[in-house]
Amino acid sequence: RFIAKPCAINLGIQDSGPHRAQPNAILEKVFTSITKSPDGKRLEGLSKQLDWDVRKIQRWFRHRRNQDKPTTLTKFCESMWRFTFYLSIFLYGIKFLWSAPWFWDTRQCWYNYPFQPLTSRLYYYYILELAFYWSLMFSQFTDIKRKDFLIMFVHHLATIGLITFSYMNNMVRVGTLVLCLHDASDFLLEAAKLANYAKYQRLCDAFFMLFGVVFIVTRLGIFPFWILNTTLFESWELIGPYPSWWLFNGLLITLQILHVIWSYLIIRIAYKALVRGKVSKDDRSDVESSSEEEDVTSNSTKGVFSTSSNGSNRVNGHVASGQWPEE
């Protein structure tokens with residue numbers, strides 16, 4: 001409210017939402033009581049009842065669906081908050097882990113386990129991360145429902161389960177490595193969103209490409225060959241098959257499967273960006289375009305970076321990020 005909003009206003013972002021649908025009692029009743037996306041048969045019936053063109057009714061329903069969506073200013077403020085948190089917690093994690101022996105030698109995660117001290121810095125690192133992911137879990141049900149809702153729900157459950165489980169079993173050393181690794185790319189995605197909301201398209205593309213590289217390197221390279229290697233093999237070698245070994249590694253493997261899915265989506269967006277010259281669309285967000293071009297088609301294309309009515313591109317929603325592919 002006191003930092004992000006003034007920044008957005010200085011960047012020329014207006015607090016104006018999508019075009020509002022004109023008041024109509026009949027269509028409003030259908031929208032609230034029957035369906036938000038009427039099929040062809042219902043559209044024909046409404047067309048005869050109201051003496052409206054079918055395309056006009058389609059446009060009304062699209063505007064009505066979009067008018068409750070958050071404004072660009074609201075999304076900018078939310079992304080700025082997430083960017084601040086992700087960057088701060090990542091820098092804190094790097095500073096903390098730089099002097100930790102297990103950061104340089106993962107076998108240190110298992111020496112003298114489970115009799116390892118829990119320092120105050122490590123404790124607060126864990127509590128902050130757990131609180132944030134719980135907030136993501138709750139806010140997911142109040143945010144715009146997106147096509148990857150189930151994937152994100154599973155991700156948040158797995159993350160909260162891992163943080164809680166590793167804390168209860170004093171596996172906090174390897175837990176800090178997992179947390180820091182996941183925070184490495186999230187702030188870059190939020191930076192891309194901020195640039196996109198402010199209509200700095202080249203800066204947005206640069207941040208997104210950097211995010212994609214860091215995401216794929218950390219999630220498909222470092223995570224399996226560094227984290228999974230120590231939890232699957234080094235732990236078995238040093239402390240044996242402890243009772244919760246299967247559950248702990250099962251949750252980590254679940255995260256890795258999600259990493260593969262999101263990496264595929266990122267690579268697909270990057271490919272389209274190279275072909276079209278800019279980051280344009282993917283298959284995640286549910287904000288619909290209001291351009292005349294889409295009036296001709298029956299459904300709008302949906303994406304994280306979706307085309308707005310003035311032709312500019314902007315990021316919709318959030319990840320780790322999300323948001324969109326994030327942790």
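The paragraphs below lead through this predicted model, from its annotated spans to its core, a cavity, its cysteines and its loops. Residues are numbered from 1 along each chain as its sequence is written, and side-chain values use heavy atoms, with hydrogens and water left out. Local features need pLDDT of at least 70 and side-chain atom pairs count only at pLDDT 80 or more, whereas totals for chains, interfaces and linings use all residues.

The unreviewed UniProt entry places the feature "transmembrane region" at residues 83-103, 123-142, 149-168, 207-227 and 247-271; such positions are given in the numbering used here, with feature names shortened, and annotations may be inferred rather than shown by experiment. Residues 83-103 are 90% helix and 0% strand, with end C-alpha atoms 24 Å apart, and residues 247-271 are 100% helix and 0% strand, with end C-alpha atoms 36 Å apart. Helices here are DSSP runs (H or I, at least four residues), as strands are (E, at least two), numbered from the N terminus.

The largest nonpolar core has 56 residues, and Leu 97, Trp 102 and Phe 248 have the most contacts inside it. Such a core is a set of buried Ala, Val, Leu, Ile, Met, Phe, Trp, Tyr and Cys residues joined through side-chain atoms within 4.5 Å, where buried means under 20% relative accessible area, exposed over 50% and partly exposed in between (1.4 Å probe, protein chains only). Among the elements that give two or more residues to this core are helix H5 (72-98), helix H6 (101-104) and helix H10 (201-239), while H9 gives the most, with twelve residues.

The second largest cavity holds about 140 Å³ of space; a cavity is a set of points, on a 1 Å grid over the protein atoms alone, where a 1.4 Å probe fits but cannot get out, and lining residues have an atom within 4 Å of a point. Grid points are joined across faces, edges and corners, and the volume is the space filled by probe spheres set on the points. Of its 15 lining residues, Thr 159, Leu 162, Ile 163, Val 178 and Leu 179 are the closest to the centre, and H8 supplies the largest share, five residues.

The structure holds zero disulfides, a disulfide being a pair of cysteine sulfur atoms within 2.5 Å. Cys 204 counts as buried because its relative accessibility is 0%.

In the loop between H6 and H7 lies Asn 112, a non-glycine residue with a positive phi of about 65°. Pro 114 is found in the loop between H6 and H7, and a cis peptide bond joins Tyr 113 to Pro 114, with omega about 5°.

Notes:
On a 1 Å grid over the protein atoms alone, a cavity is a set of points where a 1.4 Å probe fits but cannot get out, and a pocket is an open set with protein on both sides within 12 Å along at least five of seven lines; lining residues have an atom within 4 Å of a point.
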